[in-house]
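Here is a friendly walk through one protein chain, written to be read alongside the model. Keep the sequence and the 3D view open as you go.

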Amino acid sequence: MSQPETAEQNAAETHEHPHTHEPRPLDECEREISVDIPAATVSTEIEAFVARYQKMARVPGFRRGKTPASLVRRRFADELKQEVVESLVPKYFRDEVQKLGLAPISQPRIIDFHFEDGEPLRFKAVFEIMPNIELAPYDDLKAEKGEISVSSEEIESELQALRENQASYSSVEEDRGLEDGDFAEVSFTGTPVEKQDSGLVDPSGNPISSGQVVKATEAQPVHMDDVLVDIGGTNTVREFSDNLRGAKVGEERAFSIAYPEDFPDKRLAGKTLGYKVQIKGIKRKQIPELNDDFAKELGDFKTIDELRTRIREQLDAQKRHQIEHTAKDKLVEELVNRNQFPVPNSLVDQQVTSRLERGFRALAAQGMRPEDMRKMDFGRLRLAQRDAALREVKASLILEKIADQEKIEASEADLEAEVERVAQQSRQPVEAVRKKLADDGSLARVRERLRNEKTLDYLYQRSA
């Protein structure tokens, strides 16, 4: 392979064959190559497109197919150049990287483009390649596997939650107001409002809290019917209990709530809503007794002790899963810390995009509107995800390398089981899911993920 030549030598050379310089490293995963496509090849390609345009072009004054070639070249000069570029550049780029033994993992970025009549078509292409990974030893990795125990208190707590889920509600017939322990059956409308300066001062000369004076905004109100509000309940916003306490059936209460910035529901955090609440009924909750009849209602249990045994088994499995998950996370962290190598930016960017897409899907599932998502600072969001994405890409590359070394593969049966799982989860036909994954190129990524998971399982089991 020839050495890179000087610019003067390049300018003086008559190019009869395509010529490529040695790839120039830009960073540790980036390469730059210079490609010259011979003038004769470019000319032949132009003539081929001119002939095609002659057959297709509709030019005033000429019958279709009879337009002179010289006129086609002048009239469609820009289009012809674009056709030649799209025809030759990808082909010569692929040929040259193959000759150099390079395997691009990103789309090439074309720079220093030169295309003049009668001259070679010259361009430089910048792209990324996979890093060379020399694995650090991993035979001594140790996973932390703590003791697993399920207490009687945990079992009773689960039983209490089951009783709450099976609770029934009966209407209160007496004519009285809402009190703690009641469940108010309500319909309500919540309208977003904004704080407005009242312009008033208290006797000490201090401005009256602007939060006391509000006006409606243009945001859409939220309306809900037949909602049960647990008066005085730990999960009920305190202002709801305070404003509804004492209300009777048929009454309407109006009040506003200013939610703090750290409110758990991000849709409400930092906002103020004005509520109109119609009291439609008062109910009391009846929790079933903890006995054999209760166990039978929940499933294939004959006694409450059988239910307790099942709960113990489930809690044990959950704890084992959590311990394994935590241990695997630490194994991956140790692998990432032990292995130092450059990571291609294109792979990190792809992972950032993947993380954001998952986040947006979660926000949509929680009720966030698309127009609210579009107001987000995507540049800041991408930057915030970059460190985590970098670690994930690095971990994936390490696991792939270990899988190669240990000859671990994801079988067709593994892949089929995963497709069936996704189909069941999304409630779609298996064939439809398989076709979608194949069409958008995701099957290969699914297989790669399964292979990495099997590799991590392998490391976890051998680290015992």
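## Reading the model

This is a predicted model, in which local features need pLDDT of at least 70 and side-chain atom pairs count only at pLDDT 80 or more, while totals for chains, interfaces and linings use all residues. Residues are numbered from 1 along each chain as its sequence is written, and side-chain values use heavy atoms, with hydrogens and water left out.

## The chain as a whole

The protein chain has 14 helices and 11 strands. Here helices (H or I, at least four residues) and strands (E, at least two) are DSSP runs, numbered from the N terminus.

Of the 464 residues in the protein chain, 32% are buried. Buried means under 20% relative accessible area, exposed means over 50%, and partly exposed lies in between, using a 1.4 Å probe and protein chains only. Take the contacts between residues at least 6 apart in sequence: 68% of them join residues at least 24 apart. A contact means heavy atoms within 4.5 Å.

Six of its eight residues are buried, so β5 is largely enclosed by the rest of the structure. Val-126 sits in this strand and is buried, at a relative accessible area of 3%. Val-126 and Ser-34 lie 92 residues apart in sequence, yet their C-alpha atoms are 9.1 Å apart in space.

Which strands pair with β5? Two strands pair if DSSP finds at least two bridges between them. Strand β3 (residues 30-37) runs antiparallel to β5, joined by eight bridges, and strand β4 (residues 109-114) is also antiparallel to β5, over four bridges. Look for Ala-125 in β5: it is the bridge partner of Ile-33 and also of Ile-110. The hairpin of β4 and β5 has six residues between the strands, and there Gly-118 takes a positive phi near 80°.

## Helix α8

Helix α8 (residues 304-338) has 35 residues and reaches 51 Å from first C-alpha to last, close to the 51 Å expected at 1.5 Å a residue. The expected span is 1.5 Å times one less than the number of residues.

Buried residues of α8 include Ile-304, Leu-307, Ile-311, Leu-315 and Lys-328. What covers the buried residues of α8 includes α5 (152-165), α7 (292-298), α11 and α14.

## Where α11 meets α14

The axes of helix α11 (residues 378-406) and helix α14 (residues 442-462) come within 9 Å and cross at roughly 75°. That makes α11 roughly perpendicular to α14, a term used for angles of 65 to 115 degrees. Among the residues making the contact are Leu-399, Ile-402 and Ala-403 of α11, and Arg-451, Leu-456 and Tyr-458 of α14. The contact residues divide into six nonpolar, three polar and six charged.

## Backbone details to check

Most residues other than glycine have a negative phi, and most peptide bonds are trans. Asp-226 has a positive phi of about 55° although it is not a glycine, and its place is in strand β9 (residues 222-230).

Lys-407 is not a glycine either, and has a positive phi of about 55°. You will find Lys-407 in the loop between α11 and α12 (412-426). Is Lys-407 buried or exposed? At 72% relative accessibility, Lys-407 counts as exposed.

How values were computed: Axes are lines fitted to C-alpha atoms, for helices over the stretch in contact, and angles run from 0 to 180 degrees between N-to-C directions. Angles under 35 degrees count as roughly parallel, over 145 as roughly antiparallel, 65 to 115 as roughly perpendicular and the rest as oblique. Ala, Val, Leu, Ile, Met, Phe, Trp, Tyr, Cys and Pro count as nonpolar, Asp, Glu, Lys and Arg as charged, and the others, Gly among them, as polar.
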